[in-house]
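Here is a friendly note to read alongside the model. Take the points in order and find each residue on screen as you go.

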Amino acid sequence: MTTTAIAPTNIAVVKYWGKNRNWERYHIPNKSSFSITVGGLYTKTTVTAEKSTGGERKVEFVLNGRIITPEMKEYEYVGKLLGKLGELYPHINQYDIHIISENNFPTAAGFASSASGFAALLKALVKELAEEIVELREFLDDDKKLSVLARLGSGSATRSIPRDGGFVLWRRGISPFAEETPENVSEERLREIIFSSYAETLFPPDHWPGFRIIYTQVDEGGEKEVKSRVGMRETVKSDPFYYPWVEYDEKILLPEVIRAVKEKDWELFAKLAIQASNGLHAQTLMTYPPITYLNDTSHLIMHTIHNLNENEIKAAYTFDAGPNAVVFTLEEYVDEVARVLEEIVGKDNIFITKPGRGPYYTEDHLQ
Ligand code: PMV
C-alpha cells in the first residue's frame, strides 16, 4: 500500500517558543499559539509501510529528491518521531517505512518546512499504518488527536493538522508549572498529559475573505541561524522575563488576538500581531548569550511598514526564527504593500497568498 498526503505550512501570529520543562521529550509547549494556515505553500508526502521481514526495521527517506542518510539531521528527527510513536503504539515498530517528501517551495528560501513536512508525514503515515494497526484508526477522524502525533515530530506541525485549516489554536495543555513528570505518573495519566495539548480550527479560511499574507525572502543564505529547537531551550534556561512573557501572551494577548480575528478588527489585529512577533524577538535578545534572528533587512521592513501605517493601518509584520518577514494585509492594500516590499527584497522574493485549507489525501482530492 501507499498513501499520499498534502499538508500546508502555517504562520504563527501568537508564537510557540519553549517546551514544558518536564515534558520536553513530548514537545508540550509552555504557551498556546495561534496561527494562520497558509494557502499555496505545502509539502506532499508519500508513505509506504511494509511488514519487516526480520532483522532491523528499515527507514528510507527521500526529501526533495535527495536521499537522506542516517547521519543527517532530518533523518535523526524522523527517527526520533518514529521512536516516540513506537513507544505509544508498539506495532508500528514492525513496519519498514519508506518516505518520499517534496516541498512545493525551495527549502532554502527559509519558508518554514518543518510544519508542513511533519504534518504531511503524520497524515500519510497514520492512514497507511491504520490499514493494518487497528489502534491507529481513531486518528483518522480525530484531528485533535492526530495533531498530537504531529507535535511529537515538530511543534509547529501541530497547527498544520486540522483539516479545516484557516485560523488555528494550539492549546498548551498541562500547565508549565505542573509538578508531574513522565517518570512520576501512571501510564494512563501519561497518555492524558501527552494528549492534553492539541490544535483545532477556530475560524475557517473564508472567515476573513479580504485577508492576505505576503511571504518575503530576506535570507541571503549567509551565516547559520540558531535552530528554533535549540534557541527556545536557551531562552527557557536563561531569559528572566520568559515566564512573565508566556503568561502575558497566554492570558492577555492570545484572547485579544482571537477576538480581533473573530470580529475581523483589522487595526487591532495588526497591532497585536506586531507586538506578538516583537515579544518573541525581545525574548531571544534577553536570552544569554543573546540570539538575534532579525537582520538589517528585517529591521528595514519593520520601519517601512510603520511608515506606511502612519495614517492608516495597512500592514503588519511577523518573524519566526529567521530574518524573513511574513506580512499580513488586506485585499485593498495588498498591491501597495507588495510594491513597497518588492523595493526592498526584489520581485522574485515575494509570494502573495491567503489563509488556506488544512491537509488532505491526494485520493480525496480526485473524488
Ligand atoms: O516547531 P518548530 O521547531 O518549527 O518551532 C517553531 C517556532 C517559531 O516558528 C519561531 C514560532 C511558531 O510558533 O511557529
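1. Where does Thr353 lie? Thr353 is found in strand β11, residues 350-353. Before going on, note that this is a predicted model, in which local features need pLDDT of at least 70, side-chain atom pairs count only at pLDDT 80 or more, and totals for chains, interfaces and linings use all residues. Residues are numbered from 1 along each chain as its sequence is written, and side-chain values use heavy atoms, with hydrogens and water left out. Strands (E, at least two residues) and helices (H or I, at least four) are DSSP runs, numbered from the N terminus.

2. Stay with Thr353 for a moment. Thr353 counts as buried, at 11% relative accessibility. Here buried means under 20% relative accessible area, exposed over 50%, and partly exposed in between, with a 1.4 Å probe and protein chains only. Leaving aside neighbours within four places in sequence, Thr353 is in contact with Val38, Gly39, Gly40, Arg212 and Ile213; contact means heavy atoms within 4.5 Å. The side chain of Thr353 also reaches the backbone oxygen of Gly39, at 2.6 Å.

3. Now look at Glu250, in helix α6. Is Glu250 buried or exposed? Glu250 is buried, with a relative accessible area of 15%. Not counting residues up to four places away in sequence, Glu250 touches Lys31, Ser32, Arg172 and Pro255. With the side chain of Ser32, the side chain of Glu250 makes a polar contact of 2.7 Å. A polar contact is a pair of N or O atoms within 3.5 Å; within protein, one must be able to donate a hydrogen and the other to accept it, and residues adjacent in sequence count only if both atoms are side-chain atoms. Arg171 is 79 residues from Glu250 along the chain, and their C-alpha atoms are separated by 9.7 Å.

4. Next, helix α5, which spans residues 228-238. Which residues of α5 are buried? They are Gly231, Met232, Thr235 and Val236. Seen down the axis of α5, these buried residues fall within an arc of 135 degrees, so they line one face of the helix. The arc is that of the directions from the helix axis to the C-beta atoms. What covers the buried residues of α5 includes α6 (242-262) and α7 (266-286).

5. How do α6 and α7 pack? Their axes are 10 Å apart, at an angle of about 160 degrees. That makes α6 roughly antiparallel to α7. Axes are lines fitted to C-alpha atoms, for helices over the stretch in contact, and angles run from 0 to 180 degrees between N-to-C directions. Angles under 35 degrees count as roughly parallel, over 145 as roughly antiparallel, 65 to 115 as roughly perpendicular and the rest as oblique. Among the residues that meet are Trp245, Leu253 and Val257 in α6 and Leu268, Phe269 and Leu272 in α7.

6. Compare that with helix α2 (residues 114-130) and helix α3 (residues 143-151), which pack at an angle of about 120 degrees with their axes 9 Å apart. These two helices, α2 and α3, are therefore oblique to each other. Their contact is made by Phe118, Leu122, Lys123 and Val126 of α2 and Asp143, Leu146, Leu149 and Ala150 of α3.

7. One more pair is helix α8 (residues 296-308) and helix α9 (residues 334-345), whose axes come within 11 Å and cross at roughly 150 degrees. That makes α8 roughly antiparallel to α9. Where the two meet, α8 contributes residues including Leu300, Ile301 and Thr304, and α9 contributes residues including Val337, Val340 and Leu341.

8. Finish with the loops. His27 lies between β1 (3-14) and β2 (33-51); its phi is near 55 degrees, a positive value in a residue other than glycine. His27 counts as buried, at 6% relative accessibility. Lys264, in the loop between α6 and α7, also has a positive phi, of about 50 degrees, although it is not a glycine. Lys264 is partly exposed, with a relative accessible area of 40%. Lastly, Pro289 lies in the loop between α7 and α8, and the peptide bond from Tyr288 to Pro289 is cis, with omega near -5 degrees.
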